[in-house]
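Welcome! Please take a moment to look over the sequence and the model, and then let us walk through them together.

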Amino acid sequence: MFLVRSVRETDIDDLYSLSSIVLFINLPKDRNIIKEKIQNSIKSFQNSDPDLAKNTYIFVLEDVHKSKVI
C-alpha cells in the first residue's frame, strides 16, 4: 500500500538516496539543500505565509509496508 503525505524530517535519507539514482531538477544530490527544502515545507504546512508564493509544499509517496519513501 502507498500513502501520499507531506514530507517529514525523517525522510531525508530516502530523499537523498533517490537524488542519487535519478536526476531531479528540484531534488539535487545535496543533503543540505534537501534538508533546507524539507524544513521549508514543514514550516509552510505549520504556519503558511499569507504571500502564497513564499510557501513550499513537498509531498512524498511512502511504501507503507517498507516504511520508505519511493
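## Strands side by side

Let us start with β1 and β2, which run antiparallel and are joined by 5 bridges. Strands here are DSSP runs of E with at least two residues, helices are runs of H or I with at least four residues, and both are numbered from the N terminus. Two strands pair if DSSP finds at least two bridges between them.

Put together, the 3 strands make an open sheet in the order β1-β2-β3. Its edge strands, β1 (2-6) and β3 (68-69), each pair on one side only.

## About the model

This is a predicted model, in which local features need pLDDT of at least 70 and side-chain atom pairs count only at pLDDT 80 or more, while totals for chains, interfaces and linings use all residues. Residues are numbered from 1 along each chain as its sequence is written, and side-chain values use heavy atoms, with hydrogens and water left out.

## The whole chain

Now step back. The protein chain has 2 helices and 3 strands, and along the sequence they follow the pattern β-α-α-β-β. Its C-alpha atoms fill a box of roughly 35 × 25 × 15 Å along the principal axes.

Of the 70 residues, 26% count as buried; that word means under 20% relative accessible area, with exposed being over 50% and partly exposed in between (1.4 Å probe, protein chains only). Among contacts (heavy atoms within 4.5 Å) between residues at least 6 apart in sequence, 50% join residues at least 24 apart.

Leaving aside neighbours within four places in sequence, Arg5 touches several residues, including Asp11, Ile58 and Val69.

Asn55 sits in the loop between α2 and β2. With a relative accessible area of 12%, Asn55 is buried as well. The side chain of Asn55 reaches the backbone nitrogen of Asp49 at 2.8 Å. Beyond its neighbours within four places in sequence, Asn55 is in contact with Ser44, Ser48 and Asp49.

## The largest pocket

Finally, look for the largest pocket, with a volume of about 290 Å³. Of its 16 lining residues, Leu15, Asn26, Leu27, Ile58 and Phe59 are the closest to its centre. The elements giving two or more residues to the lining are α1 (12-21), α2 (31-46) and β2 (59-63).

How is a pocket found? On a 1 Å grid over the protein atoms alone, a pocket is an open set of points where a 1.4 Å probe fits, with protein on both sides within 12 Å along at least five of seven lines; lining residues have an atom within 4 Å of a point. Grid points are joined across faces, edges and corners, and the volume is the space filled by probe spheres set on the points.

Technical notes:
Polar contact = N/O pair within 3.5 Å; in protein donor to acceptor, adjacent residues only side chain to side chain.
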